[in-house]
Amino acid sequence: MMQTLEPILAEHPFLKGLDAQYLKLLVGCASNVRFNAGQFVFREGEEANEFYMIRQGKVALEILGAERGPITIQTVGEGDILGWSWLIPPYRWRFNARALELTRAIALDGKCLRTKSEEDRNFGYELLKRFSSIIVERLEATRLQLLDVYRVHS
Amino acid sequence: MGQFIPLGDKLVLESQDLQRLFDVLKERGYRILGPTVRDRAIVYDELGSVADLPAGWTDDQNGGSYRIRRRSDEALFAYASSPHSWKKFLLEPQTTVWQAERSGSGFQVDQGRAQLHKSALIGVRSCDLHAIEIQDRVFITADQVDPSYKSRRENLFIVAVNCGQAGGTCFCSSMKTGPKASSAFDLALTEVIETNRHYFLVEIGSALGEQAFSEVPSREARADEKDAADNVVAECARRMGRVMDTAEIKELLYRNYNNPRWDDVASRCLTCGNCTMVCPTCFCTTVEDFTDLSGKHAERRRRMDVCFTMDFSYIHGGSIRSTARARYRQWITHKLATWIDQFGVSGCVGCGRCITWCPVGIDITEETRAIRESELSHPAVIPPRRNA
Amino acid sequence: MRTDAMLTHLYRVERVQDETYDTFTLELASRDHSEERPFAPGQFNMLYVFGVGEVPISISSDLAKPRTLAHTVRAVGNVTKAIRALGRGGELGLRGPFGTSWPVEEAKGSDVVIVAGGIGIAPLRPALYHVLSERKEYGKVVLLYGARTPADLLYQREMEQWRGRSDLQVDITVDRALRWWRGNVGVVTTLIPKAVFDPTSTVAMVCGPEVMMRFTVAELQKRGLEDDKIYISMERNMKCGFGFCGHCQFGPFFVCKDGPVFRYDRVREWLGKGDI
């Protein structure tokens with residue numbers, strides 16, 4: 001018997017405290033995905049149609065166009081959220097994301113979520129609240145990265 | 001110097017017999033260090049005789065201003081602070097700590113022989129006595145001792161002088177460091193000049209002082225002479241040039257690190273460091289390593305340093321205190337506040353030198369007052385703490 | 001009571017280990033191998049190169065082996081480059097050890113979280129050695145280590161050994177990496193939410209650039225650690241090493257003798273003041 005995604009979603013830290021009815025809305029947009037080591041989750045420039053709740057594994061975010069090939073600027077793993085470009089027009093990925101090892105995740109359909117959020121603004125707000133805190137955390141961490149604190153000062 | 005025994009003996013020394021004291025000290029192997037006139041200032045240097053003292057000179061001091069002026073009498077100690085302080089003899093401005101010679105793949109270090117310095121300091125005012133004691137707390141501690149400082153300190157003979165005249169920038173009364181010398185001295189003199197008399201009331205402060213003074217002609221002081229001396233000092237205490245409110249000054253400065261007054265001072269401060277050089281308690285030094293051209297001989301030297309330089313707080317990447325604001329604030333908060341946590345007493349003895357010798361006349365008492373007053377009139381100036 | 005604290009003592013370089021392109025570890029022994037200078041983890045020595053100058057360098061060796069005194073040095077300036085140029089058999093001057101140490105005794109009975117940024121791992125290594133040597137005395141032990149890139153990671157062979165231990169959790173991250181790197185990428189603070197320890201009974205020891213330490217403390221506080229259970233190691237300009245020259249002052253503290261290891265609650269207010 002196929003296990004529904006509902007219990008799996010419910011236990012992911014990102015959705016902690018989400019009302020049961022909203023969880024059901026999410027399940028309607030969710031699917032199980034898996035990436036092998038080396039496989040691209042998404043590429044820069046492609047349409048951003050989903051975000052991922054990582055259940056297991058590790059994904060590297062890369063920027064292209066730097067010296068000596070792509071540079072990895074972040075990795076995300078178990079319990080992390082990957083991708084927010086589906087939230088904001090033009091809905092295109094700005095980085096590559098590549099699985100470093102076997103990675104299992106729940107993919108959530110962006111169009112589906114955007115539609116449901118417009119219909120039920122409260123649902124949309126619950127999603128945005130959670131995404132905001134992720135974005136803020138990422139921004140703070142990125143700022144610290146930007147300071148390049150370990151470099152040699154001249 | 002000897003142990004402080006407030007023996008309380010009060011004797012009278014006629015001014016013409018002061019030379020005998022100098023002679024006794026020289027006989028006992030002390031070099032005499034004291035005030036003398038040079039370069040239009042009263043400085044501290046080695047003295048040959050009483051004739052080298054600044055007889056008949058006084059000084060006029062104010063913010064950024066110092067002049068010496070002739071008096072109508074021959075008073076020997078009728079001036080306030082000197083641009084020098086006694087730290088120049090106890091904590092040498094520059095010294096070689098050790099030398100090293102290359103040998104094989106390495107080198108040999110030679111500390112040199114410790115030299116004995118017996119010095120008699122003539123004319124140490126109460127503020128400066130306190131300053132010496134404060135520097136003792138820095139350099140003679142339970143964990144670390146500066147051997148050269150300690151040796152000089154132990155071989156000191158102190159002839160203190162009770163001030164009869166407060167300087168224009170003095171505020172020892174506020175700091176409770178004078179004008180009367182109360183802490184460890186060997187002898188303390190109060191100069192009394194009357195119409196046809198010029199004498200010193202001498203207070204014996206230690207066994208060492210007593211021994212030395214026993215060879216100098218003197219007699220027990222009469223009641224009227226003691227009164228005269230007391231009046232001289234009392235008069236001085238009433239005429240301080242400046243006042244410093246020291247009530248909870250540490251807490252005041254600790255909570256005002258972001259007071260806009262610092263920007264105001266920073267716009268005036270040249271970060272020249274004069275204040276640190278004339279301050280009798282400033283003790284910061286730096287260590288420098290030198291080598292000669294041959295590369296065979298190296299030396300480590302220690303010299304006095306100034307916290308107003310960009311170098312002072314430099315670590316890789318830059319100076320921690322890169323602005324004049326930060327550096328002035330460091331100096332004043334160290335002197336008046338963090339010093340208390342470090343050494344148990346204030347670092348300021350109210351001598352007023354920093355006020356006199358600041359080229360733009362920044363006044364430590366005025367800055368403190370401004371900060372204190374800013375809290376009274378504009379509590380909103382200190383923003384309430386918000387959790388980020 | 002030491003009166004010779006300015007006198008430098010001759011030590012010979014017994015071994016030089018290049019850790020990365022700019023960082024190396026020196027093993028030193030006194031000239032006739034007789035002298036032992038016991039130290040506590042977190043302390044530093046002042047190392048002197050004849051005629052060039054002197055720098056404070058943390059001790060990075062195992063305090064159970066005082067005869068192989070090690071210092072991990074990053075060659076960034078005149079003196080540190082000159083130290084590297086010495087090579088095996090070269091002699092330098094040493095004085096110390098100075099400073100306060102990590103609370104390896106106070107941490108007994110608790111979980112231990114060590115967070116190291118860049119060369120900050122060097123003064124933490126003796127603490128880790130000590131904790132591992134008395135492993136039973138501690139609860140969970142976690143090492144979180146962040147460096148600029150994989151090429152900057154120190155003690156790589158030891159890291160592998162530590163990662164192999166079942167009684168030690170090791171998480172490493174770099175600020176950026178090339179494609180071949182399969183480890184974590186992101187600042188070291190991102191490792192804290194997932195580290196396994198009991199915040200009600202943990203002692204944290206943090207060392208790295210000041211900014212990194214501030215962000216790390218914030219993350220540890222978010223996990224529920226109290227400020228009196230967090231220890232940091234500070235750095236300031238040092239000339240004498242023992243509280244006489246005044247250069248290393250940080251508020252009322254002399255980093256050379258009241259630090260470099262500070263309990264966070266004692267310096268929290270001062271860290272907030274900036275440019276002091």
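Strand E3 (residues 50–56) of chain A and strand E6 of chain A pair in the antiparallel sense over two bridges. Strands pair here if DSSP finds at least two bridges between them. Helices (H or I, at least four residues) and strands (E, at least two) are DSSP runs, numbered from the N terminus. The model is predicted: local features need pLDDT of at least 70, side-chain atom pairs count only at pLDDT 80 or more, and totals for chains, interfaces and linings use all residues. Residues are numbered from 1 along each chain as its sequence is written, while chains are lettered from A and ligands numbered from 1 in the order in which they are written.

Within E6(A), Ile81(A) is the bridge partner of Met53(A). Both strands belong to an open sheet of four strands, ordered E1-E8-E3-E6 (chain A), with antiparallel pairing. Strand E1 (30–35) and strand E6 (81–82) of chain A each have a single partner strand and stand at the edges, so one side of each is left without a neighbour in the sheet.

Chain A also meets chain C. Here 19 residues of chain A are in contact with 23 residues of chain C. Contact requires C-beta atoms, placed from the backbone, that lie within 7 Å. On the chain A side, strand E5 (71–77) and helix H4 (121–146) each supply at least two residues. The largest share, five residues, comes from E5(A). By class, this side of chain A divides into eleven nonpolar, five polar and three charged residues. Ala, Val, Leu, Ile, Met, Phe, Trp, Tyr, Cys and Pro count as nonpolar, Asp, Glu, Lys and Arg as charged, and the others, Gly among them, as polar. E5(A) also pairs with strand E10 (residues 177–178) of chain C, in the antiparallel sense and over two bridges. Thr72(A) has Ala177(C) as its bridge partner in E10(C).

In chain C, six bridges join strand E3 (residues 44–49) to E4(C), and the two run antiparallel. Leu47(C) stands opposite Val55(C) in E4(C). Three residues lie between the strands of this hairpin, where Gly51(C) takes a positive phi near 75 degrees. Five of the six residues of strand E4 (residues 53–58) of chain C are buried, so this strand is largely enclosed by the rest of the structure. A residue is buried if 20 or more other C-beta atoms lie within 10 Å of its own, exposed if 12 or fewer, and partly exposed in between; C-beta atoms are placed from the backbone.

The largest nonpolar core has 218 residues. Such a core is a set of buried Ala, Val, Leu, Ile, Met, Phe, Trp, Tyr and Cys residues joined through C-beta atoms within 7 Å. Among the residues that touch the most other members are Ala160(B), Ala204(C) and Tyr231(C). At their interface, 28 residues of domain 1 of chain B are in contact with 24 residues of domain 2 of chain B. On the domain 1 side, H3(B) gives the most, with eight residues. That side divides into twelve nonpolar, 13 polar and three charged residues.

Chain B also holds a hairpin. Seven bridges join strand E13 (residues 285–291) to strand E14 (residues 297–304), which run antiparallel. Thr291(B) has Ala298(B) as its bridge partner in E14(B). Five residues lie between the strands, and Gly295(B) takes a positive phi near 80 degrees.

Definitions and conventions
Two residues are in contact if their C-beta atoms, placed from the backbone, lie within 7 Å.
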